[in-house]
Amino acid sequence: MRDAEPSAIYLKDYQVPSHLIDKTHLHFILHPTKTRVSSDLTIRKNPDADTKSNELILHGQDIDLQSVSIDGRQLDDRDYQLEAECLRIANVPEQFVLSVVGLIAPADNTSLEGLYKSQSMYCTQCEAEGFRKITYFLDRPDVLSEFTTTVVADKTEFPVLLSNGNPIKSGSLDDNMHFVTWHDPFPKPAYLFALVGGDLECIQDSFTTTSGRAIDLKIYVEEKDLDKCDHAMASLKSSMRWDEDVYGREYDLDIFMIVAVDDFNMGAMENKGLNIFNTSCVLAKAETTTDAGFQRVEAVVAHEYFHNWSGNRVTCRDWFQLSLKEGFTVFRDAEFSADMGSRTVKRVEDAKLLRAMQFAEDAGPLAHPVQPASFIEISNFYTLTVYEKGAEVVRMIHTLLGAEAFRQGSDLYFERNDGKAATIEDFVSSMEEAGGRDLSKFMSWYHQAGTPKLAVTADYNSSSREYALTFNQTCPTTPECDSEDKKPYLIPVAMGLLGSNGPLSLVPETDVDFSLSKNDTHCVLELTQPQHRVVFKDINAPPVPSLMRGFSAPVRLQFDYSPDDLITLMTQDDDGFTRWDACQQLCVSVIHEVEASLQQGKEPSVDSRLSDAARALITNQNLDPAMVALMLTLPSEGYLAEIATTANIDTIHSAREIVRNHLAASLKTEFAERFDSLPYFPEYEANAVQIAVRSLKNCCLGYLVATADAVWLERAMTQYRTATNMTDQSAALSVLALSPDSKAVDYSVSALSEFYQQWQSEALVVNQWFSVQAMQPGEEAVDRIRSLMQHEAFNINNPNKVRALIGAFANNNPVCFHNSDGSGYRLLAEVVKKLNATNPQIAARMLGPLTKWRKYDSKRQELMQAELNSIKQTVGLSKDVFEVISKSLA
Ligand code: 0A1
Ligand code: ZN
């Protein structure tokens, strides 16, 4: 909490640390309000620092300092200066051991940063700057130290005491206390430190690396959750094998541990050898976890494991380089998931997330480059831009270099930077060297915010048989840079041309670099200028261009496709992403037509070409059912709002419902037949085949319930009651609870009440129950949320519960959140004010939907701004919330 306005720090001001800490010895005596932390730090002056000063400034926050000594000599308070966020010691020797003792209060730490208590367990979260809440330190990622950690606690209450590395000593002490000492031989920055103390059980397994080393694998959870760890363990072993096979990366310690905690701000954390996970990202069991939940566990386990190389062995020089580890690791985990399941489905899901959410971030007041130039609070920069857009940027490098050179670039990067703190430039230069090409033009992707727009026009000349595409790229103004001042992007456009008899051979004539493949029917163009013209020769009739195959660059593509062109792409292109995208665009154009009719007070009609196309999909047994489900899922209201200039939430909602109901009514027989013909798997497995079938089945059920036919309401209820896995149970619950039809009300009420009865002892399942109710339509939505906040199962100090209830309401119930009486905004503002005092990181994250106020009509803009202003007046506004509010009002 602060007095003066917090100020920004800048990448351009980076300076090497004044001192280095070669060794760190920590000693903890765990206690809820008086944990004693003693540290012995072996410090020396950094030979690379050009400062003459002998002052040492250590970060530290909320620590009750007990003593400071240098080389065993206790300092008195004239030798040092204690400030709110640092400890300054003047005149330190060239080399010395600094010993500090402090007291901290984990039980009072609701910020979930530093050392805190999650239920009865002690755990830590140090990224990005949480270590400074544990002890005084140079808490910056370019200070790497070798850690030895001793943890002392009551033997009965905390039989398990863990830290990074290998256990080297343990024993009993007086008063029923015991200790364990851990040593981590790999020097690491403080943000990768971890400690756990609890009454935990574990499942164990072993993995033998390519070089034949046996690694102990352990997943620690509360005893009641032991039956939900197998999927995470299997995912871990697959990740370890995959990283060896695909990247040549072997695990380096003798033991790898995962611990599950209930209270966690994010998904999980890659602490060296001791990953700490939000329970939601590690526990999975058929009865309690949906298919999406299983896939998330697999992806997050892989992500954290992959960080052992991309993040830990090679770490970041400073927090402006966050995407160095996150963008690369998300790219790695996405490729892993693609290899484990369906590549096209994974690509579509990622593109969907990017377009609906990251594009919105990039178009809003908090837009920032993948490598930001400044920040006030780094916790606010764990964003879709740094993670997901960062991963797309790495993917483009992969596309430009090809798989082989990319792998060589990765090897070179790891070899050169092993044990070091690196920059994004270090990564790119390894790629440049391996690829034998200059990527300087590519760097706009890292340095500029905003989503580039790529407008493409076509003209066909029948006498010369030439088909020309003109590409125009622009990037909108973002907070740090005007549109006119932006440099062009190097945009890889993967494409082909479809003629009446299928794909055409491409004979491009252009100054653009390109590469051809697949018998010359596919090419990747490398656009570098604001405008390019590419002429394709020997074309007999105007073709349909298939552009941005595989979502080859994170841009907004504009091409004036006719509905018939889109149907051609949907049915004939050989790229799965393009087929899906064409279907989405057809849906968007049909929904837009309905919106226009509604706005003009006309009777809307739904273009029959959409239902014909949907019929063809639903009756086609040769397509991947998961792709059919994705194609039949209409674009979300969030995405429709994102692509609108001014989002008229109510019209978007009504138009989407009209189209959905029309498809439901006109294809009822087909949906019913497909629903009945798809198999039911009595033995649940979270594999691609089963997941695909369940997704299509539940997609059909959604449409069938939308017909409000009594038979289908009853069948949904039967599915709800007889389901033996959570995917089918929760799909049935959602379609009933979210149905706007009054005939569904009784079913919805019964299902919701039975659900809570059945699952009240499973916290993660109860969170699903909160989310469904948060998304229910109706005037009474805000009152319902308010009363759910009083429910025995709700706890505002648990981020998962806040996200499940408040997050689902503000992000996934647009009609109620944007109620024109402002009640949705008020509710969110109240929650943010409460969280500001207890957990600033979550408070700032929850604010997201309010910061997008410029998207709405003037009345809503005023209401939203009023709430932002009222939050801004809060006494004791955290840095986190201050940064988001001030940028969004600027
Ligand atoms: N590095 C983790 C994410 C993470 C970041 C910050 C946290 O606390 C503020 C916690 C976790 C990852 O990428 O998985
Ligand atoms: Zn990560």
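**Exercise 1. The shell around ligand 1**

Task: State how many residues surround ligand 1, and which of them are closest.

Solution. Begin with the criterion: a residue is near a molecule if its C-beta atom, placed from the backbone, lies within 6 Å of it. In this predicted model, 14 residues surround ligand 1, and the closest are Glu127, Asn265, Met266, Met269 and Tyr382. Next, sort by element: strand E20 (268-269) and helix H2 (291-306) each give two or more residues to the shell. Helices (H or I, at least four residues) and strands (E, at least two) are DSSP runs, numbered from the N terminus. Last, sort by class: the shell has 4 nonpolar, 6 polar and 4 charged residues. Here Ala, Val, Leu, Ile, Met, Phe, Trp, Tyr, Cys and Pro count as nonpolar, Asp, Glu, Lys and Arg as charged, and the others, Gly among them, as polar.

Conventions: residues are numbered from 1 along each chain as its sequence is written, while chains are lettered from A and ligands numbered from 1 in the order in which they are written. The model is predicted, and local features need pLDDT of at least 70, side-chain atom pairs count only at pLDDT 80 or more, and totals for chains, interfaces and linings use all residues.

**Exercise 2. Backbone exceptions**

Task: Describe the peptide bond from Glu127 to Ala128, then the phi angles of Arg465 and Asp538.

Solution. The reference case is that most residues other than glycine have a negative phi, and most peptide bonds are trans. The bond from Glu127 to Ala128 is cis, with omega near -5°. Ala128 sits in the loop between strand E11 (121-125) and strand E12 (145-154).

Arg465, not a glycine, has a positive phi of about 55°, and belongs to the loop between strand E25 (453-461) and strand E26 (466-474). Asp538, also not a glycine, has a positive phi of about 60° and lies in the loop between strand E32 (531-536) and strand E33 (544-546).

Task: Are Arg465 and Asp538 buried, partly exposed or exposed?

Solution. A residue is buried if 20 or more other C-beta atoms (placed from the backbone) lie within 10 Å of its own, exposed if 12 or fewer, and partly exposed in between. Arg465 has 13 such neighbours, so it counts as partly exposed. Asp538 has 12, so it counts as exposed.

**Exercise 3. The nonpolar core**

Task: Which residues of the largest nonpolar core touch the most other members?

Solution. A nonpolar core is a set of buried Ala, Val, Leu, Ile, Met, Phe, Trp, Tyr and Cys residues joined through C-beta atoms within 7 Å. Of the 261 residues in the largest one, Val259, Ala716, Leu736, Leu828, Val832, Met846 and Val881 touch the most other members. Helix H16 (residues 688-706) supplies the largest share of this core, 10 residues.

Now take one member. Leaving out residues up to four places away in sequence, Met846 touches Val802, Ile806, Gly807, Leu828, Val831, Val832 and Leu835; contact requires C-beta atoms, placed from the backbone, within 7 Å.

**Exercise 4. Val628**

Task: Locate Val628 and list its contacts.

Solution. Val628 is in helix H12 (residues 625-632). Val628 has 23 other C-beta atoms within 10 Å and is therefore buried. With residues up to four places away in sequence not counted, Val628 touches Leu617, Ile618, Leu623 and Leu696. Val628 and Ser823 are 195 residues apart in sequence and 38 Å apart in space, C-alpha to C-alpha.

Key. Contact = placed C-beta atoms within 7 Å.
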